[in-house]
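Have the sequence and the 3D view side by side as you read.

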Amino acid sequence: MAWLSWKGPRAGQRAVPALMAAGLVALTASILLPALEVGLDALKVCLQISVAVTAVTLFVSALFIRRIIDDRRQIAESEQRFRRAMEDSAIGVAIVGLDGRIVQTNPAFAAMLGYSRAEIEALTFFQITHPDDLQLGRETMVALKGGKIDTFHFEKRYLKKDGTSVWAQLTGSVIRDEDTSKPLYLVSQIEDIDARKQAEARIAEAETRWNFALTSTGQGVWNLDMRKGGLTYSETWVKMLGFAHGELDGDPGRWLTMIHPDDREIVAEADRAHLAGETPFFEAEFRMRHKDGHWVWILDRGKVIERDGEGRLVRAIGSLTDITERKEAEARLIVSAAMLADEKERLRVTLQSIGDAVICTDAANRITFMNPIAEKLTGVDVGEAMGKLLSHVYWAVDEESGHRIGLSRPSVNERPHCDQNTRAVLVRRDDTRCSIRQVVSPIMNDRDEFCGLVIVFQDFTDARALQRQLAYAAAHDALTGLANRSSFMRTMEELVDHCRLNGGEHQFMFVDLDHFKAVNDTGGHAAGDALLKRVADSLRNVLGPEDIVARLGGDEFAVILKSGAGARGPIAARSIIDVIRNLNFSWDGRPYSIGASIGLAPIRAGCGEVDEIIARADAACYAAKAAGRGCVSAAPDEVSPDEMSKYVPPLPLAAAS
């Protein structure tokens, strides 16, 4: 039977007519031979041939009919399997014509885009493709038609029925005519990768924040992305080595050439171990050549954050810290520990003479050394401290949390490292406190055994007080001490977001002083400044402790009533108007009288963004001024600021109460 399948059904279709023709010829010859007076033997031979050919023909015909039936059954079964695989697939499948028309699709693809199958099969792929990705689809179609490619694989965005976009991974191939190789249609598999794309975006955002945090602390950041073809370095990192920003970007292998020859083997081994998955992260300390030629000690920490399907590196990120000073200090300590008594004494004198406080402990955490600065900052005499536990003399807590900052030995498997803290507060035994900046370093001998700690700390009280002053100045008006515009806007944005998510209501008041310009014009700016201070004090006194008051600029103030907002707004506004009207302000013996006009707007869910709320209150304040000043005008929720004066009736003073 094997020979029947040698040339396939088409060869069989040609063989059957040939055999039938041979049988007819033999039969015709058997009929005509008697008329031609051919011998009986010849006639018998012709009849036998005719019968044999006819039998073979019938047999072969039966075989080919059976073969055709089998082929049709196999085709039907194959079609059924394809149909079931397509219908039941969790991944979208679409058959697309060369004109872009969607010929057939499965439920998964239709559901992914929010269409029914009938709806989506009435469209073209151009209609459901994001405009920014149309060119990619057109280029792929041109390449398929031109015979340049037979398969395709790329990512693109589709448009869902509701107009939103969804990222998908497209994989497919072209189906060609068996004889002419002409492309007939495309079969595509479409996988929804929108969640992955969003996750990648969140990771990128987190990496950006992380990079900013490291840069803010003076640490360099590097980022290896094989897709983009190389390494990029933060400005802080390249400055460590004396280069310009961007000067070292690109070549992933260039940094290895800058490492000290004695350190390259250690770095290469640490890099290999991490890439092989033997360590959770890459960490190495080594020397790198500065642009001017000298060597800088670097602490490099990094981690692979993405690998491809075969486990190869795709992305890695890390940080670099200049630890030259620390390494030099460690070298000095190691050398000093090995020197004779006179060398140890010289080291003691050195530590006693430096401007930083230094405390040393042994492996049991008992104090072995304190210099005079440490005595002064801790309030404990060195004679009393020697041999005592560190906690007896030195007790540091976190400035924000109040929790104690532990000073412990490194664990067995932990690499010794320097621990820095700029938020520490030293609590003395008399309960007085001192802000400090501390650096804690473990002392390790040549056998990597823990021998104690060195705590170096400085009085950071003045610097930290200056930081607090600067932070206060950045958030408050220099003249009145009220919150300034930028600080107030941040607070208001937080309140608007909170109301939008959690409900609740507050009242926003836009307060504009009436007749204030006359004070500046006649009494001068000194008089105006003094009056603004009086106004600020009055606003603080008339409002509750939870309410927020700010100076927006000039003679404009803003108030947020945080409690009892709905009913309290007009009453509080009346109180503000009364207290400002009754200030009894005089300058150089001349009395001045001012007033206030106030616009009210609610802060609650559905009231729009901060700018819209302020605009409504500002327009309401303008309406109050237009109505005669010294009154309150309330803004409705849904009227635009341009139309506010048309729809907001001002409340007279009597009605405001």
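## A hairpin to start with

In the hairpin of strand 11 and strand 12, five residues lie between the strands, and N365 takes a positive phi near 70°. Keep in mind that this is a predicted model.

Strand 11 covers residues 357-361 and strand 12 covers residues 367-370; the two pair in the antiparallel sense over three bridges.

## Salt bridges across the sequence

Side chains of opposite charge can pair when their charged atoms come close. In this model the count comes to 37 salt bridges. One of them joins D263 and R287, with the closest N and O atoms 2.9 Å apart. Because D263 sits in helix 9 (residues 261-275) and R287 in strand 8 (residues 282-289), this pair ties together parts that are 24 residues apart in sequence. D263 counts as buried, at 6% relative accessibility.

E609 and R500 form another salt bridge, their closest N and O atoms being 3.3 Å apart. E609 is in the loop between strand 22 (595-604) and helix 20, while R500 is in helix 16, so the pair ties together parts 109 residues apart in sequence. E609 counts as partly exposed at 45% relative accessibility, and R500 counts as partly exposed at 40%.

## A buried pair and a network

Which residues form a negative surface patch? They are E493, E494, D611 and E612. Helix 16 (485-502) and helix 20 (610-626) are the elements that give two or more residues to the patch. D611, in helix 20, is exposed, with a relative accessible area of 57%.

L561 is placed in strand 19 (residues 556-561) and is buried, with a relative accessible area of 0%. L561 and H506 are 55 residues apart in sequence and 5.7 Å apart in space, C-alpha to C-alpha.

T378 lies in helix 12 (residues 372-378) and counts as buried at 3% relative accessibility. T378 and Y394 are 16 residues apart in sequence and 6.7 Å apart in space, C-alpha to C-alpha.

Definitions and conventions: Residues numbered from 1 in each chain as written. Predicted model: local features only at pLDDT ≥ 70, side-chain atom pairs only at ≥ 80, totals over all residues. Heavy atoms only, no water. Pairing = 2+ DSSP bridges. Helix = DSSP H or I, 4+ residues; strand = E, 2+ residues; numbered from the N terminus. Patch = residues over 30% accessible without salt bridge, like charges linked within 9 Å, V, L, I, M, F, W, Y side chains within 5 Å. Areas by Shrake-Rupley, 256 points an atom, 1.4 Å probe, with all protein chains shown as cover. Salt bridge = Lys/Arg side-chain N within 4 Å of Asp/Glu carboxyl O. Lys, Arg positive; Asp, Glu negative; His and termini not counted. Charge placed at Lys NZ, Arg CZ, Asp CG, Glu CD. Buried < 20%, exposed > 50% of the residue type's maximum accessible area, 1.4 Å probe, protein only.
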